[in-house]
Amino acid sequence: MNAQNSRTLAIIGQGYVGLPLAMAACDAGWSVIGIDNSESKVAQISSGASPVEDISDIQLQIALASGAYRVSTDFSAVAQASVITVCVPTPLDKKREPDLSLLRSAVKAVAPFIAHETLVISESTSYPGTLRDVIIPIVDSLKSNDALTIYFASAPERVNPGDLIWNQKNTPRLVGAIDPISQSKALAFYQSICDVPVSVSSPEIAEAAKLLENTFRLVNIALINEFTKLCSVTGINVHEVIDSASTKPYGFMPFRPGVGVGGHCIPVDPLYLTWWARQNGHTAKFIEAADFINHEMPKYVGERALSMVAASINKPKVLILGVAYKPGVGDVRETPASELREYLETQGAEVAWFDPLVTNWGGTEPVDLQWECDVAILTIEQPGIRIELLVERGVQILDCTNSIKNLTGVTLL
Ligand SMILES: NC(=O)c1ccc[n+]([C@@H]2O[C@H](COP(=O)([O-])OP(=O)(O)OC[C@H]3O[C@@H](n4cnc5c(N)ncnc54)[C@H](O)[C@@H]3O)[C@@H](O)[C@H]2O)c1
């Protein structure tokens, strides 16, 4: 059987997006080759230890043992695939602008091995035009002479790690391809693994929609963070206000305040949009303001926490509870807890941390909940933080989550 007739899927990048996709495709009867350039990641996955929370070791081990899934650093394996999905990171560079170097290097690595009539899909998040202006030219310049026709589509992943309801299968998937044949092939692929593929008219629509979705979250979180500061100075409980506004059955959607925004999507993707705006002669003022407001939050939270410590204490001891960027995951990428820690340290505080899902954070190790501190900051509602152990000891707690009810010594953000 040649590659275009095989039901073999190659996925480039085996992280939070690529590995769940691999498992979903195995469940749908695909033979899956996971390809990653990290030897340690490949060794870990091969040993049956899942690197992401949404995939259990057992699920991974079953897929490996069945032979439906294998993982490799060998990019030439894509030659066996009829569909190739690219799921590599698209971070920001030092100037906080799109860094497509990993995407480019992944596409360069697979391009010479892509077989004739293979469908290549980008699931990575990026600005409109990435498929057409970045990925396709690389493939065209490096593909083999035998690969006369290659199909291309963009289908940005929407997975929300740690979400118990919405997953890779039941979340509708935008699919936009460069021509009608690519579109029908891409839709057929997603119909096999996803309940609701949504056909859009171009890759640029799919790419732009993904950025809009995450920018929508960024600006609404910024609005609530700004509103929280206002409520705080006037003694109004912001959560009660949000709950009250949420009783309106239409036109309002609740967002909650916090230490800032973290992870590899919400703080990053909107800056792909602001960069794209600049390339097109515009300034996305509203998004830039939202980014600025969210980045002020760690300092604001730090100030609030330090204001709870007696002025006579020169070097306050501050315990950060929860350093992952959101509850239910151990992922610390772009976590706003980093800016919080930095701020507290610049103010002379001794800072320690605890997070049941994180064992190492920027080269530092956690303390336990018995650590003597002057104030604790609950940053996220991370499962497994036994807050009552601190309350019993009379520790002052700044609760950024509104999850601690009716306990003494707790101040709400
Ligand atoms: N994680 C999410 O919640 C989420 C949700 C939707 C979309 N996305 C987007 O999906 C893409 C992937 O994100 P992720 O969270 O899965 O990243 P990740 O860091 O969890 O995984 C990416 C994997 O790609 C590998 N990799 C990096 N460069 C490579 C290369 N050149 N060749 C082969 N492998 C390479 C890494 O070793 C890593 O294992 C990004 O564009 C991201 O914005 C992520």
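## Sheet, helix packing and a buried aspartate

Alanine 10 lies opposite isoleucine 33 of strand β2. The model is predicted. β1 (residues 8-12) and β2 (residues 31-35) are paired in the parallel sense, over five bridges.

Both strands belong to an open sheet of eight strands with mixed pairing, ordered β3-β2-β1-β4-β5-β6-β7-β8. Because β3 (69-72) and β8 (197-199) each have a single partner strand, they stand at the edges, and one side of each has no neighbour in the sheet. On average, and with direction ignored, neighbouring strands of this sheet are turned by 25° against each other.

| Helix | Residues |
|---|---|
| α5 | 130-142 |
| α7 | 203-233 |
| α9 | 269-279 |
| α10 | 285-306 |
| α11 | 336-346 |

How are α5 and α7 placed at their contact? Their axes are 9 Å apart, and the packing angle is about 110°. Angles of 65 to 115 degrees count as roughly perpendicular, so α5 and α7 are roughly perpendicular to each other. On the α5 side, the residues that meet α7 are Thr130, Leu131 and Arg132; on the α7 side they are Pro203, Glu204 and Glu207. By class, this contact has two nonpolar residues, one polar residue and three charged residues.

Helix α7 also takes part in the packing of α9: the buried residues of α9 pack against α7 and α10. Helix α9 is mostly covered, with eight of its 11 residues buried. These buried residues are Asp269, Pro270, Leu271, Tyr272, Leu273, Thr274, Trp275 and Ala277. Just after α9 comes glycine 281, which takes a positive phi of about 80°.

The loop between β9 (317-321) and α11 holds aspartate 331. Is aspartate 331 buried or exposed? Its relative accessibility is 5%, and buried means under 20%, so aspartate 331 counts as buried. Which backbone atom does the side chain of aspartate 331 reach? The backbone nitrogen of arginine 333 lies 3.0 Å from that side chain. Leaving out residues up to four places away in sequence, aspartate 331 touches Tyr16, Glu53, His264, Ala324 and Tyr325.

Notes. Residues numbered from 1 in each chain as written. Predicted model: local features only at pLDDT ≥ 70, side-chain atom pairs only at ≥ 80, totals over all residues. Heavy atoms only, no water. Axes fitted to C-alpha atoms, helices over the stretch in contact; angles between N-to-C directions. Helix = DSSP H or I, 4+ residues; strand = E, 2+ residues; numbered from the N terminus. Parallel < 35°, antiparallel > 145°, perpendicular 65-115°, else oblique. Contact = heavy atoms within 4.5 Å. Nonpolar A, V, L, I, M, F, W, Y, C, P; charged D, E, K, R; others polar. Buried < 20%, exposed > 50% of the residue type's maximum accessible area, 1.4 Å probe, protein only. Polar contact = N/O pair within 3.5 Å; in protein donor to acceptor, adjacent residues only side chain to side chain. Pairing = 2+ DSSP bridges.
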